[in-house]
Amino acid sequence: MIESGSMASGPPTLRLSERDNVLIARADLLPGVAGSPTVVDAVPRGHKFARVAIARDEPILKYGQVIGFAGRDIRAGEHLHTHNVEYREFDRTVAAGSATRPTAYVPVPERATFRGYVRGDGRVGTRNEIVIVVSVNCSATAATKIATHFELAGELDAYPDVDGVVALTHSYGCGTAGRGNAGFDLLQRTIMGYADHPNVGGVLMLGLGCEVNQLSILRDWGISADKAVDAMTIQEIGGTRRTVEAGIAAIRAMLPVVDAWKRQEVPVSELVLAMECGGSDGYSGITANPALGAAADLLIEHGGTAVFGETTEIYGGEHLLTQRAVSQEVADRLVERVRWWERRVQADGTSIDDNPSPGNKAGGLTTILEKSLGAIAKGGTTNLCDVVGYADRVTSKGLVFMDTPAYDPVNATGLVAGGAQLLAFTTGRGSAFGCKPVPSMKIATNSVTYHHMLDDMDFNCGPIVEEGVPVRESGRQIFDQLLRIASGERTKSEELGYGDHEFAPWQIATTL
């Protein structure tokens, strides 16, 4: 935890735990500047420097946890980064469930509510969209033309409860083994997770006709009976132009049916919040991610669900989650997925430590261990209740982990396919992202990014460092804003039209 008084007063540094042998710069630091901490070389804002001398091979500690090892003897005041800090494996065995604690649930009569669309299966939508799901890349152009018609023609103006028409295009669907193949089944599960999503009121299924991923197979997955559904293939109808015309007519017929859905007051326990961090920097694990974690704690205390993924970005800190697991089985499932990724990257001849991007490193993150510890903070402090596979339906209440890659669009696609109706996305460098049919709330880790990208950012966590605003207070503000968004308030990414190109199913099948 952050030392008392170090956030809003005193020298421009942060110390996050008494165990830490590093300090974090709150401003650019230069050696020899009067009134500045003693540094022996330049330390950019958000970066680390040695609080004390650190001998070669000693662990580097931040958040009270290991983030790397000294590659050589390091002087007190020296900038700590990729030039002198190394990633290495180390023992992080803990007892499963050793840090679980009772959840302080809010009494049911006092729980928060929002206004959503109650579907026939009991799930609740935060948006009411019509989606065009394509079985294969070959039908992507036709789907896009159909959706673009409704974006440009103004036909939706007469239907105020229809939030939009979205073409969910992708680059897969053929050139692979069919049903029973893990990659093929994952693609279908992802597509149908969107088609049957609570934020969706109508579905047009569009195929080419000769692809491996046949529409008839997709229909076997089933879509809730209360949704408006139609299906067609380009080859059966007679080409692209006729298909576009037929698709426009089919959606035109859906519009009054979908518009008949109206918002109603429902308990916040019906919400599944997806959590993502991208374009991370040295403040991600100090401001925005802990604040989002506090918001997730509040949602869970009100009976809701928070789900996050990015398995390669919990690596090295997974023990902090397994010790909060509600059972040995849940802990074992998480560890098994971590081991799967170890085998995967070894087979590819890469390293999980290749994960921090150039932007992450420029922002102050040195190793995957450091990045993971910051990423885990968005999981809050409640018990880990479940671990699910990519795009699996999230059914447990509480905190859930989904096995996903760390690449933002692929991760978010899996979380949305699992049924999340909201996405909270923290960023330090400034990620631009949306994920229709789910609203994406962008949360900046620092005020520089927030003001520089004001048209993209919905919330600023910079005051946690700059003004001493408590993390839990920012979490409460995020929670309140998420409820407004769930009730229809539009996010910056929605205003900008993001989400038409961010449907990105995880491809694990071999392309034949």
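Trainee: How many salt bridges does a search of the whole structure find?
Mentor: The model is a predicted one. A salt bridge requires a side-chain nitrogen of Lys or Arg within 4 Å of a carboxyl oxygen of Asp or Glu. Searched over the whole structure, the count of salt bridges is 31.

Trainee: Arg123 and Asp196 meet in a salt bridge; how many residues apart are they?
Mentor: Their side chains meet at 3.8 Å, N to O. Arg123 sits in the loop between strand 8 and strand 9, while Asp196 occupies the loop between helix 2 and strand 12. The pair thus links distant parts of the chain, and the separation is 73 residues.

Trainee: Is Arg123 buried or exposed?
Mentor: Buried means under 20% relative accessible area. The relative accessibility of Arg123 is 16%. Because this value falls under the cut-off, Arg123 counts as buried.

Trainee: Which residue forms a salt bridge with Arg127?
Mentor: The closest N and O atoms of the pair are 2.8 Å apart. Arg127 lies in the loop between strand 9 and strand 10 and its partner in helix 15, so the bridge ties together parts 367 residues apart in sequence.

Trainee: What is the relative accessible area of Glu310, the salt-bridge partner of Lys378?
Mentor: Lys378 and Glu310 have their closest N and O atoms 3.4 Å apart. Lys378 is buried, with a relative accessible area of 1%. Glu310 is also buried, and its value is 0%.

Notes. Residues numbered from 1 in each chain as written. Predicted model: local features only at pLDDT ≥ 70, side-chain atom pairs only at ≥ 80, totals over all residues. Heavy atoms only, no water. Helix = DSSP H or I, 4+ residues; strand = E, 2+ residues; numbered from the N terminus. Buried < 20%, exposed > 50% of the residue type's maximum accessible area, 1.4 Å probe, protein only.
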